[in-house]
Amino acid sequence: MSTVQVTITGGQSCAVPWFSGMNAQQALEGAFNTINNSGAFTFAIQYYGTNLGYLVTMIDNLYESPSSSDKPYYYWEFFLNNVPASTGIDGVSLQ
């Protein structure tokens, strides 16, 4: 069985079963179900329309800052194979 590795920098990492047509959101949901411990791993997503799709707004209770005037400014960046993704987690198919 093929797997995909979901890694949160500074946090959890786990392999989840891969299936044809799987997107990054489904991999993140699979990681949540595999870890099966909301005290060890949580995330939140928000929909930003068809151009961007779903973006991660929180992982392990660390939320994005609402504006760049907040110091320090936090945001989540989605990398696929060490390259920043150009769309949301629902718009990236994993192979």
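Predicted model: local features only at pLDDT ≥ 70, side-chain atom pairs only at ≥ 80, totals over all residues.
Strand β3 (residues 43-47) and strand β4 (residues 54-59) run antiparallel and are joined by five bridges. The hairpin of β3 and β4 has six residues between the strands, and here Gly49 takes a positive phi near 90°.

Put together, the three strands form an open sheet in the order β3-β4-β5, with antiparallel pairing. β3 and β5 are the edge strands, since each pairs on one side only. Helix α1 (residues 24-35) packs on this sheet and touches β3 and β4, and its direction makes about 155° with that of β3.

## A residue inside β4

Is Thr57, a residue counted by its relative accessibility, buried or exposed? Thr57 sits in strand β4. Its relative accessibility is 13%, so Thr57 counts as buried, because buried means under 20% relative accessible area. Leaving aside residues up to four places away in sequence, Thr57 touches Ala44, Ile45, Gln46, Tyr48, Leu62, Tyr63, Glu64 and Trp76.

## The helix on the sheet

Helix α1 has 12 residues and reaches 16 Å from its first C-alpha to its last, close to the 16 Å expected at 1.5 Å a residue. At its start, a side-chain oxygen of Asn23 comes to within 3.0 Å of the backbone nitrogen of Gln25. Just after the helix, Asn36 takes a positive phi of about 50°.

Which residues of α1 are buried? They are Ala24, Gln25, Ala27, Leu28, Gly30 and Ala31. The elements covering these buried residues include β1 (3-7), β2 (13-17), β3 and β4.

## Aromatic rings

How many aromatic pairs does the structure hold? There are four aromatic pairs. A pair of aromatic rings is described by the distance of the centres and the angle of the planes. Two of the pairs in this model are set out here.

| Aromatic pair | Centre to centre | Angle between planes | Description |
|---|---|---|---|
| Phe32 and Phe41 | 6.4 Å | 50° | tilted |
| Tyr47 and Tyr54 | 4.8 Å | 45° | tilted |

The partners in the pair of Phe32 and Phe41 can be looked at one by one. Phe41 has a relative accessible area of 2%, so it is buried, whereas Phe32, at 31% relative accessibility, counts as partly exposed. Phe41 and Phe32 also belong to a cluster with Phe43, linked by ring pairs.

In the other pair, Tyr47 counts as partly exposed because its relative accessibility is 42%. Tyr54, at 28% relative accessibility, counts as partly exposed too.

Terms used:
Residues numbered from 1 in each chain as written. Heavy atoms only, no water. Pairing = 2+ DSSP bridges. Helix = DSSP H or I, 4+ residues; strand = E, 2+ residues; numbered from the N terminus. Contact = heavy atoms within 4.5 Å. Axes fitted to C-alpha atoms, helices over the stretch in contact; angles between N-to-C directions. Buried < 20%, exposed > 50% of the residue type's maximum accessible area, 1.4 Å probe, protein only. Expected span 1.5 Å × (residues − 1). Polar contact = N/O pair within 3.5 Å; in protein donor to acceptor, adjacent residues only side chain to side chain. Phe/Tyr/Trp six-rings, centres within 6.5 Å; stacked < 30°, edge-to-face > 60°.
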